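Please look over the sequence and the model shown here before reading on. The report that follows takes up a pocket and a sheet in turn.

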Amino acid sequence: MRRLLSLVLVSAVLIAGAPAALATDEPPPEPPPVEDTTSDAEEPAPAPRVPKKQVRRIRVTRDIVFPVVGANRFSSTFGNCRDNCEREHHGNDIMTYGWKGVPVVAAHDGWIRKVRDDGEWCNVEITGVDGWYTRYVHLNNDTPGYDDEIYSCIPEGIEPGVWVEAGQLIGWVGDSGNAETTPPHVHFEIRTPRGLPVDPYRSLKKAERIMFYRVNGDDPVTAAAEIAAYAYREGSGVVNIMATTTHEAFQSGGLSTLNLSGPLLLSEPDHLPEATIAALEELNPGRVIIVGDGLGAGVIESLEREYPIVEQMGLPGPIPDSYIEPDSGEEVAIPGPGPTPFSLVIAGDTSDIPQDSRDDLVRSAWTMPTMVFADTDAARKIGRHTYQGPGRSGRKYVLYFQTGDGYTKFRAKEAPETPPNYGVIVLPAHEATEAALTFLASLADAPVLPLWR
């Protein structure tokens, strides 16, 4: 009986399972962790704020001239929130790295639609022949060097109803209106004939830019040699030489464009300057042409010992008193010569540029002394490029006049009565567009304005 009971107990233990017989003091293993898919989840990004009042979007690219001539930057800001998203931004802001006084030009031909110069705002609007119009907002109205809002912000002659051409100077970069607390810039808009604003970004990206170089003209002998080296880097078979006294007479204006088949060098009436001698050696001409009658016999004799003088040519004729307007057939008076802040040199063959640009080139001499050097091989850089600014640094109450290769500085309260000039403008022939020549002609008629912060 006892034997039978023992067998029953053993069987019960086996039936209950082996783990009970293998039990130890170690705790049972923990279950695998469950992945928490919410603990590392980022907060959902807030939906971008949308201005309450939005205009209908139109994708368009207009054919325009870039409205700022100088160092700048811009980005696509059309439609951004303004005034705590109560309204949207209806243009692009063209920034000038904190500088006021950078020229602003008409982006297209048209009539001045509106001008606002009320001591607070300075804005211009231009309507094209197709009814589309552009707006230029926050133009400068401060006395150069200050922040006083008491300066006439519009160039002479810019008023409602006046026709302007693409590239014509219409004002300068500033911070007028509600931009007083922001860096200087131009708020630029493009609008349909019905007034609907469209994003100007694509148009600005593809816009024609006005490009040229400036060379310091304080020493005309050195400037002439520098321009000759730029325009004829491989030398020239013919070199033109003019007396500095004759050059001064030409620079005073009133003469037609001086067209030359080679570079122009300058000489003192009684001796050849070192810069001119060095330039002649570098250019290595086969012949020399004397321009004007200002060189003394001693200079001509010294030239003849080295180079054959094949010709002595006179200066170009005087600018006529009037011309016939092709469109209307009317006779228009040409104003007499006046002091200009620069002279113009066109480097290269002008026969390939469009006829309208060639016509403008002829007319450029009416405003500024103009020379054309044909058959050039200009390639390397010269002077200071249009879009090279004075840098990021700048002090308040200091004026920075661009005078060629750099900037001449004056304290604002010590501004010169006669501002320094721009030097010599060198324009490669392929950049001699209608817009560039229009800008230079209007710049020559405007007061010399510095840059300032």
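How many nonpolar, polar and charged residues are in the lining of the second largest pocket? In this predicted model, that lining has 16 nonpolar residues, together with 10 polar and 2 charged ones. The second largest pocket itself has a volume of about 530 Å³, and among the 28 residues that line it, those closest to its centre are Gly217, His247, Gln251, Ser343 and Val424.

Several helices and strands contribute to this lining, and each element in the table supplies at least two of its residues.

| Element | Residues |
|---|---|
| Helix H4 | 220–231 |
| Helix H5 | 244–251 |
| Strand S20 | 342–347 |
| Strand S21 | 370–373 |
| Strand S25 | 423–428 |

Strand S15 likewise supplies at least two residues of the lining, while the largest share, 5 residues, comes from helix H5.

Strand S16, residues 287–291, runs parallel to S17 and is joined to it by 4 bridges; Ile290 has Gln312 in S17 as its bridge partner.

Terms used
Residues numbered from 1 in each chain as written. Predicted model: local features only at pLDDT ≥ 70, side-chain atom pairs only at ≥ 80, totals over all residues. Heavy atoms only, no water. Pairing = 2+ DSSP bridges. 1 Å grid on protein atoms, 1.4 Å probe; cavity = no way out; pocket = protein on both sides within 12 Å on 5 of 7 lines; lining within 4 Å. Points joined across faces, edges and corners; volume = space filled by probe spheres on them. Nonpolar A, V, L, I, M, F, W, Y, C, P; charged D, E, K, R; others polar.
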